[in-house]
Amino acid sequence: LKIHLSKKEISKILFNTIKINKMKTDVHIRLVVSRGIKSTPYQDPAFTISKPTIVIIPEYKQPQESVYKRGLILKTVKTIRGPHNVQDPRINSLSKLNCIIACIEAKKQKADEALMFDINGNIATNNSTHFFYVKNKRVYTSTGKYCVKGITRKKIVELCKINKIKVYEKNFKLKDVIKADEAFVTGTFANIIPVKKINNTKFNLKNNEITSKLRKLYLELMDK
């Protein structure tokens, strides 16, 4: 998919959209790019008769403070993050059926998010956020081979390195996760949210030293 606008041009359109709508703070923006208009509803890109369609959705949106105090419940699910040659899980596309099915599985278990495995039985990510856990003040997240890159995920890894918090992007199993001292998820909208329970394992949110520190550092970074 070749976009006919440069990054600079798209950035200008984003800022113009905010300006036109007189938005100044607490704004969440979703940028969606599709292949464009087709001459007939068919999947073959050869039937596209226009340049790519760019949709910008700005909305006033604030995360509820209560969610940071109560924490999230995660449940492992049967739906996994698939191989790269089926539907590449590293691409943030509108084809979210895999994640939606995982989400539905988790909701049926009365969880907030699904904790998903990769094709090798390692923990990959959640259905809509990235997963981290803390053990002995060391931070762990997946290799990134079976999840989208994630801007917030990247920034958390960077903040760990800058602030001399040991961080590892590696493969790990569920058995490693349930022995963790802390766990948290990251996302563009909600930044860092602590996890209070994974399956039957509970975490004491009062002991979230590293999670709290990273959230404070991240919020300071956003305010700059």
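Visitor: Which residue is the bridge partner of Val-139 in S8?
Guide: That partner is Val-167. The model is a predicted one, and in it S7 runs parallel to strand S8, residues 167-169, with 3 bridges joining the two.

Visitor: What is the bridge partner of Val-134 in S7?
Guide: Val-139 is the partner of Val-134.

Visitor: In which sense do S6 and S7 pair, parallel or antiparallel?
Guide: They pair in the antiparallel sense, over 4 bridges. Another of the pairs links Phe-132 with Thr-141 in S7.

Visitor: How many residues lie between S6 and S7 in the hairpin?
Guide: There are 2 residues between them. Asn-136 sits in that turn, with a positive phi of about 55 degrees, although Asn-136 is not a glycine.

Visitor: Is Asn-136 buried or exposed?
Guide: Asn-136 counts as exposed, because its relative accessibility is 51% and the exposed class begins over 50%.

Visitor: And S6 itself, how many of its residues are buried?
Guide: 5 of the 6 residues of S6 are buried, and the strand is mostly covered. Besides S7, with which S6 forms the hairpin, S6 pairs with strand S9, residues 182-187.

Visitor: How far apart are the C-alpha atoms of Glu-169 and Ser-142?
Guide: They are separated by 5.1 Å, while the two residues are 27 positions apart along the chain.

Visitor: What is the accessibility class of Glu-169?
Guide: Glu-169 is partly exposed, because its relative accessibility is 40%, which falls between the 20% and 50% limits.

Visitor: A change of topic: where is Lys-22 found?
Guide: Lys-22 is in the loop between helix H1 (7-20) and strand S1 (27-34). Its phi is positive, about 55 degrees, although Lys-22 is not a glycine. Most residues other than glycine have a negative phi.

Visitor: Is Lys-22 buried or exposed?
Guide: Lys-22 is exposed, with a relative accessible area of 72%.

Visitor: Now the whole chain. How many helices and strands are there in the protein?
Guide: The protein has 7 helices and 11 strands. Of its 224 residues, 39% are buried. Among contacts with a separation of 6 or more, 65% are between residues 24 or more positions apart.

Visitor: What radius of gyration does the protein have?
Guide: It has 19 Å, which agrees with the value near 17 Å that a compact globule of 224 residues would have. Along the principal axes, the C-alpha atoms fill a box of roughly 55 × 40 × 30 Å.

Visitor: What about the surface and the charges?
Guide: The accessible surface comes to about 14200 Å², and 54% of it belongs to carbon and sulfur atoms. There are 45 positive and 18 negative side chains, and the centres of these two sets lie 1 Å apart.

Definitions and conventions:
Residues are numbered from 1 along each chain as its sequence is written. This is a predicted model: local features need pLDDT of at least 70, side-chain atom pairs count only at pLDDT 80 or more; totals for chains, interfaces and linings use all residues. Side-chain values use heavy atoms; hydrogens and water are left out. The radius of gyration is taken over C-alpha atoms; the globule rule is 2.2 Å times the number of residues to the power 0.38. Buried means under 20% relative accessible area, exposed over 50%, partly exposed in between (1.4 Å probe, protein chains only). Contact means heavy atoms within 4.5 Å. Accessible areas come from the Shrake-Rupley method with a 1.4 Å probe; for residues, only the protein chains shown count as cover. Lys and Arg count as positive and Asp and Glu as negative; His and the chain ends are not counted. The place of a charge is taken as NZ of Lys, CZ of Arg, CG of Asp or CD of Glu. Two strands pair if DSSP finds at least two bridges between them.
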